[in-house]
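Please look over the sequence and the structure first.

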Amino acid sequence: MVGASSSSVVNVYPLANYTFGTKEPKMEKDTSVADRLARMKVNYMKEGMRTSVEAILLVQEHNHPHILLLQIGNTFCKLPGGRLKPGENEIEGLKRKLCSKLAVNSPSFPPNWQVGECVAVWWRPNFETVMYPYCPPHITKPKECKKLFIVHLTEREYFAVPRNLKLLAVPLFELYDNVQRYGPVISTIPQQLSRFQFNMVSS
(Lines give C-alpha, C1' and ligand atoms only; values in the text may rest on other atoms or scores of the structure.)
Protein backbone atom coordinates (compact mmCIF):
# COMPACT_ATOMS: atom_id res chain seq x y z
CA MET A 1 0.00 0.00 0.00
CA VAL A 2 1.34 3.40 -0.94
CA GLY A 3 1.52 5.78 2.01
CA ALA A 4 -0.25 9.13 1.89
CA SER A 5 1.99 12.05 1.06
CA SER A 6 2.23 14.85 3.58
CA SER A 7 0.37 17.21 1.24
CA SER A 8 -2.66 14.89 1.19
CA VAL A 9 -2.92 14.72 4.99
CA VAL A 10 -5.08 17.34 6.69
CA ASN A 11 -4.93 17.78 10.45
CA VAL A 12 -8.43 18.46 11.75
CA TYR A 13 -8.83 19.82 15.28
CA PRO A 14 -11.93 19.88 17.50
CA LEU A 15 -14.31 22.79 17.12
CA ALA A 16 -14.02 23.35 20.88
CA ASN A 17 -10.35 24.33 20.37
CA TYR A 18 -11.38 27.53 18.63
CA THR A 19 -12.57 30.80 20.11
CA PHE A 20 -15.23 32.85 18.37
CA GLY A 21 -15.84 36.54 18.91
CA THR A 22 -17.56 39.30 16.98
CA LYS A 23 -16.53 42.47 15.16
CA GLU A 24 -18.19 45.29 13.24
CA PRO A 25 -20.79 44.22 10.66
CA LYS A 26 -19.60 43.39 7.16
CA MET A 27 -22.37 44.64 4.94
CA GLU A 28 -23.09 42.88 1.68
CA LYS A 29 -22.67 45.01 -1.43
CA ASP A 30 -25.85 43.56 -2.95
CA THR A 31 -29.34 43.08 -1.57
CA SER A 32 -30.39 40.49 -4.15
CA VAL A 33 -29.00 38.00 -6.65
CA ALA A 34 -30.11 40.28 -9.48
CA ASP A 35 -28.12 43.17 -7.95
CA ARG A 36 -25.04 40.98 -7.61
CA LEU A 37 -25.20 39.84 -11.24
CA ALA A 38 -25.72 43.44 -12.40
CA ARG A 39 -22.67 44.60 -10.42
CA MET A 40 -20.67 41.68 -11.85
CA LYS A 41 -21.60 42.84 -15.35
CA VAL A 42 -20.42 46.40 -14.63
CA ASN A 43 -17.12 45.13 -13.17
CA TYR A 44 -16.63 42.80 -16.14
CA MET A 45 -16.88 45.75 -18.53
CA LYS A 46 -14.16 47.56 -16.55
CA GLU A 47 -11.83 44.73 -15.50
CA GLY A 48 -12.66 41.61 -17.49
CA MET A 49 -13.31 38.18 -16.01
CA ARG A 50 -13.91 38.09 -12.27
CA THR A 51 -11.52 35.82 -10.34
CA SER A 52 -12.61 34.76 -6.88
CA VAL A 53 -11.02 32.59 -4.22
CA GLU A 54 -12.68 30.79 -1.31
CA ALA A 55 -11.41 28.86 1.69
CA ILE A 56 -12.32 25.41 2.95
CA LEU A 57 -11.71 25.54 6.71
CA LEU A 58 -12.05 22.18 8.46
CA VAL A 59 -12.83 21.39 12.09
CA GLN A 60 -14.18 18.23 13.69
CA GLU A 61 -17.01 17.27 15.98
CA HIS A 62 -17.82 13.67 16.99
CA ASN A 63 -14.77 12.58 14.97
CA HIS A 64 -16.34 13.78 11.70
CA PRO A 65 -15.06 16.68 9.53
CA HIS A 66 -17.10 19.87 9.49
CA ILE A 67 -16.64 22.89 7.20
CA LEU A 68 -16.95 26.45 8.43
CA LEU A 69 -19.52 28.42 6.45
CA LEU A 70 -20.67 32.00 6.79
CA GLN A 71 -24.44 32.35 6.96
CA ILE A 72 -26.10 35.52 5.70
CA GLY A 73 -29.65 36.00 6.92
CA ASN A 74 -31.57 32.82 7.65
CA THR A 75 -30.76 30.67 4.66
CA PHE A 76 -27.83 31.69 2.43
CA CYS A 77 -24.46 30.11 3.24
CA LYS A 78 -21.11 30.77 1.60
CA LEU A 79 -17.45 29.92 2.01
CA PRO A 80 -15.24 32.71 3.35
CA GLY A 81 -13.39 34.46 0.54
CA GLY A 82 -14.24 36.78 -2.31
CA ARG A 83 -13.12 38.61 -5.43
CA LEU A 84 -9.47 39.25 -6.17
CA LYS A 85 -8.22 42.67 -7.16
CA PRO A 86 -6.95 42.89 -10.77
CA GLY A 87 -3.53 41.22 -10.92
CA GLU A 88 -3.64 40.13 -7.27
CA ASN A 89 -1.91 36.88 -6.26
CA GLU A 90 -4.45 34.16 -5.43
CA ILE A 91 -2.87 33.10 -2.12
CA GLU A 92 -2.32 36.66 -0.90
CA GLY A 93 -5.79 37.64 -2.03
CA LEU A 94 -7.37 34.76 -0.13
CA LYS A 95 -5.43 35.70 3.01
CA ARG A 96 -6.65 39.28 2.63
CA LYS A 97 -10.24 38.11 2.30
CA LEU A 98 -9.94 35.77 5.30
CA CYS A 99 -8.58 38.63 7.40
CA SER A 100 -11.48 40.81 6.32
CA LYS A 101 -14.09 38.13 7.06
CA LEU A 102 -12.70 36.28 10.09
CA ALA A 103 -9.61 37.88 11.64
CA VAL A 104 -9.48 40.07 14.74
CA ASN A 105 -8.57 43.67 13.98
CA SER A 106 -5.76 43.62 16.52
CA PRO A 107 -1.97 43.16 16.32
CA SER A 108 -2.27 40.97 19.43
CA PHE A 109 -3.96 38.27 17.35
CA PRO A 110 -2.03 38.06 14.05
CA PRO A 111 -3.74 35.55 11.74
CA ASN A 112 -1.75 32.59 10.51
CA TRP A 113 -3.57 31.49 7.37
CA GLN A 114 -1.85 28.43 5.89
CA VAL A 115 -3.27 28.20 2.40
CA GLY A 116 -2.92 24.73 0.93
CA GLU A 117 -3.71 23.39 -2.50
CA CYS A 118 -6.52 24.32 -4.85
CA VAL A 119 -9.09 21.52 -4.78
CA ALA A 120 -11.68 22.82 -7.26
CA VAL A 121 -12.15 25.35 -10.06
CA TRP A 122 -15.61 26.57 -11.09
CA TRP A 123 -16.61 28.67 -14.08
CA ARG A 124 -19.49 31.08 -14.66
CA PRO A 125 -20.12 31.20 -18.43
CA ASN A 126 -22.66 34.05 -18.36
CA PHE A 127 -24.10 36.66 -16.03
CA GLU A 128 -26.31 34.01 -14.41
CA THR A 129 -26.22 32.09 -11.16
CA VAL A 130 -25.25 28.75 -12.70
CA MET A 131 -21.60 27.64 -12.47
CA TYR A 132 -19.82 24.56 -13.82
CA PRO A 133 -16.69 22.62 -12.76
CA TYR A 134 -15.44 23.10 -16.33
CA CYS A 135 -15.65 25.86 -18.91
CA PRO A 136 -18.15 24.88 -21.65
CA PRO A 137 -16.29 24.59 -24.99
CA HIS A 138 -18.44 27.18 -26.78
CA ILE A 139 -17.68 29.82 -24.12
CA THR A 140 -14.66 31.92 -25.10
CA LYS A 141 -15.17 34.69 -22.53
CA PRO A 142 -16.30 33.25 -19.19
CA LYS A 143 -17.49 35.83 -16.68
CA GLU A 144 -15.99 34.33 -13.52
CA CYS A 145 -13.42 31.76 -12.40
CA LYS A 146 -13.80 30.63 -8.78
CA LYS A 147 -11.07 28.60 -7.04
CA LEU A 148 -11.47 26.71 -3.76
CA PHE A 149 -8.42 26.20 -1.53
CA ILE A 150 -7.92 24.12 1.59
CA VAL A 151 -6.71 26.36 4.39
CA HIS A 152 -4.97 24.43 7.16
CA LEU A 153 -5.98 25.62 10.62
CA THR A 154 -3.56 25.48 13.50
CA GLU A 155 -4.55 23.83 16.79
CA ARG A 156 -5.82 27.11 18.28
CA GLU A 157 -7.33 30.05 16.44
CA TYR A 158 -9.39 33.10 17.36
CA PHE A 159 -12.07 34.04 14.86
CA ALA A 160 -13.88 37.37 14.85
CA VAL A 161 -17.16 37.10 12.95
CA PRO A 162 -18.96 40.21 11.65
CA ARG A 163 -22.03 40.77 13.81
CA ASN A 164 -24.45 40.49 10.90
CA LEU A 165 -23.13 37.05 9.92
CA LYS A 166 -23.07 33.64 11.59
CA LEU A 167 -20.23 31.14 11.36
CA LEU A 168 -21.57 27.59 11.14
CA ALA A 169 -19.73 24.26 11.37
CA VAL A 170 -21.53 22.00 8.90
CA PRO A 171 -20.72 18.25 8.71
CA LEU A 172 -19.66 16.76 5.40
CA PHE A 173 -22.57 14.32 5.49
CA GLU A 174 -25.03 17.25 5.49
CA LEU A 175 -23.28 18.97 2.59
CA TYR A 176 -23.00 15.87 0.41
CA ASP A 177 -25.33 16.08 -2.59
CA ASN A 178 -27.44 18.74 -0.83
CA VAL A 179 -27.61 21.05 -3.85
CA GLN A 180 -31.00 22.46 -2.91
CA ARG A 181 -29.72 23.80 0.42
CA TYR A 182 -26.08 24.69 -0.36
CA GLY A 183 -25.80 24.95 -4.16
CA PRO A 184 -23.49 22.95 -6.46
CA VAL A 185 -20.16 24.43 -5.33
CA ILE A 186 -20.49 23.73 -1.59
CA SER A 187 -22.46 20.48 -1.91
CA THR A 188 -19.67 18.84 -3.93
CA ILE A 189 -16.88 19.67 -1.45
CA PRO A 190 -17.11 16.19 0.17
CA GLN A 191 -16.18 14.62 -3.19
CA GLN A 192 -13.33 17.08 -3.69
CA LEU A 193 -11.94 16.24 -0.24
CA SER A 194 -12.27 12.46 -0.61
CA ARG A 195 -8.66 12.06 -1.79
CA PHE A 196 -7.33 13.62 1.42
CA GLN A 197 -6.54 11.73 4.58
CA PHE A 198 -8.03 13.41 7.63
CA ASN A 199 -5.92 13.20 10.76
CA MET A 200 -8.45 13.72 13.55
CA VAL A 201 -6.42 15.33 16.32
CA SER A 202 -7.97 15.15 19.78
CA SER A 203 -7.91 18.25 21.98
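Leaving aside neighbours within four places in sequence, which residues is S187 in contact with? They are L175, Y176, D177, N178, V179 and Y182, where contact means heavy atoms within 4.5 Å.

The model is predicted: local features need pLDDT of at least 70, side-chain atom pairs count only at pLDDT 80 or more, and totals for chains, interfaces and linings use all residues. Residues are numbered from 1 along each chain as its sequence is written, and side-chain values use heavy atoms, with hydrogens and water left out.

- S187 belongs to helix α4 (residues 179-187); helices (H or I, at least four residues) and strands (E, at least two) are DSSP runs, numbered from the N terminus.
- With a relative accessible area of 1%, S187 is buried (buried is under 20%, exposed over 50%, partly exposed in between; 1.4 Å probe, protein chains only).
- A polar atom of the S187 side chain lies 2.7 Å from the backbone oxygen of G183.
- Q192, in helix α5 (residues 189-192), is buried at 14% relative accessible area.

**Salt bridges**
- The whole structure has 7 salt bridges, each a side-chain nitrogen of Lys or Arg within 4 Å of a carboxyl oxygen of Asp or Glu.
- R83 and E47 form one of them (2.8 Å, N to O).
- This pair links distant parts of the chain, with R83 in strand β6 (residues 81-83) and E47 in helix α1 (residues 33-47), 36 residues apart.
- R83 is partly exposed at 24%, and E47 is partly exposed at 40%.
- E144 and R124 also meet in a salt bridge, and both residues are buried.
- R50, R124 and E144 are linked in a salt-bridge network.

Methods:
A polar contact is a pair of N or O atoms within 3.5 Å; within protein, one must be able to donate a hydrogen and the other to accept it, and residues adjacent in sequence count only if both atoms are side-chain atoms.
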